Amino acid sequence: MAKLQLALDGDLQGSLEVLEKAHPHVDIIEIGTPLVFREGMRAVRAIRAAYPGLRLLADLKIMDAGEAEADIAFGAGADMITVLGLSGDETIQGALASAEKHAGQVMIDMMAVTDLVARAAELMGLGCDLLCLHTAHDQQSRRGSPWRQLAQLREAYPPLSLAIAGGLSLEVLTQILPHHPQIVVVGSAITAAADPGLAARLIHEGIRQYGDA
């Protein structure tokens, strides 16, 4: 069954207020890149302290100094970090080495990768086992969400663990879930909702109902 990852891209106080309502329905908390820029590892430490039982991802989008930068996030309490799939193999290997030291996990963000199938094969060869199909924020109005890419990778590599991100909401779950992603990443559909707790509950229930079908 897919897990719900909540992407927090606002400020720390606002993120904590959203989490207070939404956390019972969330499997993974994402410290989004804008939140990292605003607060740095303070956000990771604060949310780790507040929610010690939930998995925590720091969306660093690492593209250089893979081991050193991953060490910073894992040391602050993150369970997972992101590295761009466009990064050099040496950078990815460094991040994987850091994850091994800290019993963490690397999510490869495939944003802007042009040949998904070929790059996925290379990444699997490096030891990567979790890839995220991500429509960039600035392209969502033009390209929509990448469930077709999800279907492409699922067909090419059935055992691969896949996440999907980029403008997702309750309404698109029926297009996403048939392709069996391991992680569904949702941001503003929850964080900008009038009732973030209700929005998170409805999306989480939608995921569970599909898994139980």
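**View 1. The buried side of helix α4 in this predicted model.** Helix α4 runs over residues 66–76, and its buried residues are Gly66, Ala70, Ala73, Phe74 and Ala76. Look down the axis of α4 and these buried residues sit within an arc of 165 degrees, so they line one face of the helix.

**View 2. What the buried residues of α4 pack against.** Among the helices, the partners are α3 (41–50) and α5 (89–102). Strands join in too: β3 (55–62), β4 (80–84) and β5 (105–109) also pack against the buried residues of α4.

**View 3. The other face of α4, and what follows the helix.** Turned away from the buried side of α4 is a face that carries Ile72 and Gly75, both exposed. Just after α4 comes Gly77, with a positive phi of about 120 degrees.

**View 4. How helices α6 and α8 pack.** Here α6 (residues 116–126) packs with α8 (residues 147–156) at an angle of about 50 degrees, and their axes are 10 Å apart. As for handedness, α6 and α8 make a right-handed crossing.

**View 5. Who touches whom between α6 and α8.** On the α6 side you'll find Leu116, Val117 and Ala120. They meet Gln149, Gln152, Leu153 and Ala156 from α8. Sorted by class, this contact of α6 with α8 comes out at 5 nonpolar and 2 polar residues, with no charged ones.

Notes
Residues are numbered from 1 along each chain as its sequence is written. This is a predicted model: local features need pLDDT of at least 70, side-chain atom pairs count only at pLDDT 80 or more; totals for chains, interfaces and linings use all residues. Side-chain values use heavy atoms; hydrogens and water are left out. Axes are lines fitted to C-alpha atoms, for helices over the stretch in contact, and angles run from 0 to 180 degrees between N-to-C directions. Helices (H or I, at least four residues) and strands (E, at least two) are DSSP runs, numbered from the N terminus. A crossing is left-handed if the near helix is turned anticlockwise from the far one by less than a right angle, and right-handed if clockwise. Contact means heavy atoms within 4.5 Å. Ala, Val, Leu, Ile, Met, Phe, Trp, Tyr, Cys and Pro count as nonpolar, Asp, Glu, Lys and Arg as charged, and the others, Gly among them, as polar. Buried means under 20% relative accessible area, exposed over 50%, partly exposed in between (1.4 Å probe, protein chains only). The arc is that of the directions from the helix axis to the C-beta atoms.
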